[in-house]
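Me: Got a model open here and I'd like to talk it through with you. Can we start from the inside and work outwards?

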Amino acid sequence: MFELSHQALLWVQALGFVSMAIGWWANAQKNDQQLLSGNVIASGLTAAHLGLLGSSLGMMNQLLNLFRFACSRHFTTLTQRRIHCLPVLFATAALVQGLTLAEHWSEWCAVASAIVMSFALFYCAGAKLRFAMLFSNMLNLTLSAYLSSWSGIAYQLVTIIILTYSLVPQKTVSYDSEPAL
């Protein structure tokens, strides 16, 4: 990992915070298409952030995420037919990235996350997709902590809360205008 000046580090962290805000917005969406679109943008910004922090694997993993989210969004919109080769292709690419670039166990957690999401994005929707994303964020938290990515840590923790909240059944309370007897 290379050293950044304090000023450069602040700019890199700021880029991570912008990505974080976009990712939070995306993960709070009820509509799967908005969730996927927001994550395309957040993945691109996060790739730049992680690359500047010195994680080649993190950067490449996020670029893979960008393409995975984009393909999932495109093929889900285009047709309801499942594209069976894409999840395998994306999972294989994640594994190859790990084998060639992983230098720390936390980076293998990010690889495992990428493999899980490679299948979840093409085979899951709604609550199942959000559960897979919750698990993925837990795995990615280890890499953010290892890299000391302030925005990554905050992003993962708040996203875990957002996704957990979205998975908890909401009680609806009805208020009658007249009291029940």
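Me: Which residues touch the most other members in the largest nonpolar core?
Reply: Keep in mind that this is a predicted model. The core has 20 residues, and the ones touching the most other members are Phe 69, Met 117, Leu 121, Leu 129 and Met 133.

Me: Which helices supply at least two residues each?
Reply: That would be α2, α3 (56-78), α4, α5, α6 and α7 (150-167). The top contributor is α5, which gives five residues.

Me: What does Met 117 touch, if I skip residues up to four places away in sequence?
Reply: Its contacts are then Arg 68, Leu 129, Ala 132, Met 133 and Ser 136. Leu 129 and Met 133 also turned up in the list of core residues that touch the most other members.

Me: And how far is Met 117 from Phe 135?
Reply: C-alpha to C-alpha, 9.3 Å in space, and 18 residues along the sequence.

Me: Switching to aromatics. How many aromatic pairs are there?
Reply: There's one aromatic pair in the structure. The partners are Phe 90 and Phe 122, with ring centres 6.1 Å apart and planes at 15 degrees, so they count as stacked.

Me: Where in the chain do Phe 90 and Phe 122 come from?
Reply: Phe 90 belongs to helix α4 (residues 85-101) and Phe 122 to helix α5 (residues 105-123). They are 32 residues apart, and the pair links distant parts of the chain.

Me: OK, charges next. How many salt bridges does the structure hold?
Reply: One salt bridge. Asp 32 pairs with Arg 130, and their closest N and O atoms are 2.7 Å apart.

Me: What does the Asp 32 and Arg 130 pair tie together?
Reply: Asp 32 is in helix α2 (residues 32-53) and Arg 130 is in helix α6 (residues 126-147), so the bridge ties together parts 98 residues apart in sequence.

Me: Buried or exposed, Asp 32 and Arg 130?
Reply: Both Asp 32 and Arg 130 are buried.

Me: Now the outside. Which residues form a nonpolar patch on the surface?
Reply: Leu 10, Phe 17 and Trp 150 do, and together they have about 320 Å² of accessible area. Phe 17 is in helix α1 (residues 6-27).

Me: Why does Phe 17 count as partly exposed?
Reply: Because its relative accessibility is 35%, and partly exposed means between the 20% limit for buried and the 50% limit for exposed.

Me: Zooming out, how many helices and strands does the protein have?
Reply: Seven helices and zero strands. As for the whole chain, 41% of its 181 residues are buried. The protein exposes about 10,200 Å², with carbon and sulfur atoms supplying 69% of that.

Me: What about contacts between residues at least 6 apart in sequence: how many of them join residues at least 24 apart?
Reply: 67% of them do.

Note on methods. Residues numbered from 1 in each chain as written. Predicted model: local features only at pLDDT ≥ 70, side-chain atom pairs only at ≥ 80, totals over all residues. Heavy atoms only, no water. Helix = DSSP H or I, 4+ residues; strand = E, 2+ residues; numbered from the N terminus. Buried < 20%, exposed > 50% of the residue type's maximum accessible area, 1.4 Å probe, protein only. Contact = heavy atoms within 4.5 Å. Areas by Shrake-Rupley, 256 points an atom, 1.4 Å probe, with all protein chains shown as cover. Patch = residues over 30% accessible without salt bridge, like charges linked within 9 Å, V, L, I, M, F, W, Y side chains within 5 Å. Salt bridge = Lys/Arg side-chain N within 4 Å of Asp/Glu carboxyl O. Phe/Tyr/Trp six-rings, centres within 6.5 Å; stacked < 30°, edge-to-face > 60°. Core = buried A, V, L, I, M, F, W, Y, C linked by side-chain atoms within 4.5 Å.
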